[in-house]
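Reader: I would like to take a close look at one part of this protein, namely its aromatic rings. Could you walk me through them slowly?

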Amino acid sequence: MKVAVAGCCHGALDKMYETLELLQRRHNVWPDLLLCCGDFQAVRNEADLRCMAVPAKYRHMQTFYRYYSGEKKAPVLTVFIGGNHEASNHLQELPYGGWVAPNIYYLGYAGVVRFRGVRIGGISGIFKSHDYRKGHFECPPYNQQTIRSAYHVRNIEVFKLKQLKRPIDIFMSHDWPRSIYHYGNKKQLLKMKSFFRQEVESNTLGSPAASELLQHLKPTYWFSAHLHVKFAAFMQHQTNSKEELPKATKFLALDKCLPHRDFLQIIDIEHDPSAGDSLEYDAEWIAVLKATNSLVNVTQSSWNMPEKNGLHTKWDYSVTEEAIKEVLEELNHNLKIPCNFTLTAACYDPSKPQKHLEPVHTINPQTTEFCAQFGLTDINDRIQQAKEEGSVRGEYEEEEEEEEMDSTGSAEEPSEYSTDNSGLSSINPDEIMLDEEGGDEDLSTCSVDPSPDHPPDFSASFSDIRIMPDSMAVSSDDAMDSTNEELEKSGVSKQVEDKSLSERPLKRIGANENGSSGIKKIKRRNQAIYAAEDEDKTE
């Protein structure tokens, strides 16, 4: 089957789907499934905009609300993970995944589903070591800290995914697995993004948690986004025994959703022709959720996952074939995910803007139904209970002071990842920047106008859409001079060739109204980045 993979969508659903329609008109190709690797921005209304961690100038309504309201319907089944620029309050309603609109499915904090026999997994958010060992404690209304920590990857999600034993066909993460750049054309990457050099050379670019999952899961394909550059790699995994067959992962990172960017790729994936066209639960993943349910934590106290170190009576939460069979019997062997999308918030109405609409903490009926069906903890219900009992909001300050002195988790150990790196510690001119020291714009500020920089006619704007067959091999590291260009020459069968420059990408870093930069200090080595930024916008 043909699977379309998109990079950072940034709420531009109309652009994304119209690009697919353009591809169909020009090349008679239509995907069976669309995957989006984060920064989807499922913004329903003005309150959702306030829950999105971006500077005020980037808070545009975009077009998701039209699909949420039913005005439009996604023309292809769309499955996505969360990134670091999301309407966190909306996605938080679906910690185990669910429909954000008809035909658009969110995988949750972490999740695995099946489509036509293809097993698809993913993990949402980006890695930050200082939040990695905390529970999912955040809820709206967010403050300057929680609006960001809400999308940070947690160790419990990585732990759950590491319990999987059956093969994964496709896996998605927003930030790249650390070290993956050593398995592709590193020279070309640094030529395109020279400001990555320090992190690449010190091997600190990307997520160590995603790297750990890559080593454990060994999926056939791994797709990422976040760094706003296209990059392919081929990683041959080491075998644990002579009997184990060698495995390899084809990695592909996509650019952001803008004209003349490699933000979308179509790949042929082997599938089960006898399987239905419905999105399905994965029985092993459901069994893992049931097995790890006791580990759910909704506090911000740091703690470590169980491991074989003498401190835990149980550390292996992988599931048996019998447990998987029980899940199948519970579902009467019908794994189809119910189409039970429900509106849980008012939808944006351009004729009646509500600029002062406040976000509220919502219990989504989809999550309630899912948890009741499988006997799981509704994380949001647990947070709500804790709030009502005064054991969350009222004790946050005390817990923060205690945490500095001592870990209150299951074992007094340091985090397994000491480097605080989200894959973007160098300044990337293509990324939306946030002042980590707390100087963000007012969270109440938002714009409800569709982005004016992008006119609705896309037929002559998108040029970098490619169709790639089931081969994306590149040489390990950069020992050979084969570039991503060569990869495209050997693997690309079709290309939309219009090279119009009728639109320019959004400027990701710029001066504020007072003419001052949003970043307090600019290191000398970064000055060239800002000087080169305008050049990038005219390429």
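Reader: To begin with, over the ring of which residue does the charged end of Lys314 sit?

Author: In this predicted model, the charged end of Lys314 lies over the ring of Tyr317, at 4.4 Å from the centre of that ring. Phe40 belongs to the loop between β2 (33–36) and α2 (46–50), while Phe80 belongs to strand β3 (residues 78–80), so the pair ties together parts that are 40 residues apart in sequence. Phe40 is buried, because its relative accessibility is 0%, and Phe80 is buried with a relative accessible area of 0%.

Another aromatic pair, formed by Tyr68 and Phe341, is edge-to-face, with 5.6 Å from centre to centre and 80° between the planes. This pair links distant parts of the chain, since Tyr68 is in helix α3 (residues 64–69) and Phe341 is in the loop between α12 (321–330) and α13 (365–374), 273 residues apart. Tyr68, at 1% relative accessibility, counts as buried, whereas Phe341, at 22%, counts as partly exposed.

The two pairs come together in one aromatic cluster, which is formed by Phe40, Phe64, Tyr68, Phe80, Tyr106 and Phe341.

Conventions
Residues are numbered from 1 along each chain as its sequence is written. This is a predicted model: local features need pLDDT of at least 70, side-chain atom pairs count only at pLDDT 80 or more; totals for chains, interfaces and linings use all residues. Side-chain values use heavy atoms; hydrogens and water are left out. Helices (H or I, at least four residues) and strands (E, at least two) are DSSP runs, numbered from the N terminus. Buried means under 20% relative accessible area, exposed over 50%, partly exposed in between (1.4 Å probe, protein chains only). Rings of Phe, Tyr and Trp (its six-membered ring) pair if their centres lie within 6.5 Å; planes under 30 degrees apart count as stacked, over 60 as edge-to-face and the rest as tilted. A charge sits over a ring if NZ of Lys or CZ of Arg is within 6 Å of the ring centre and within 35 degrees of the ring normal.
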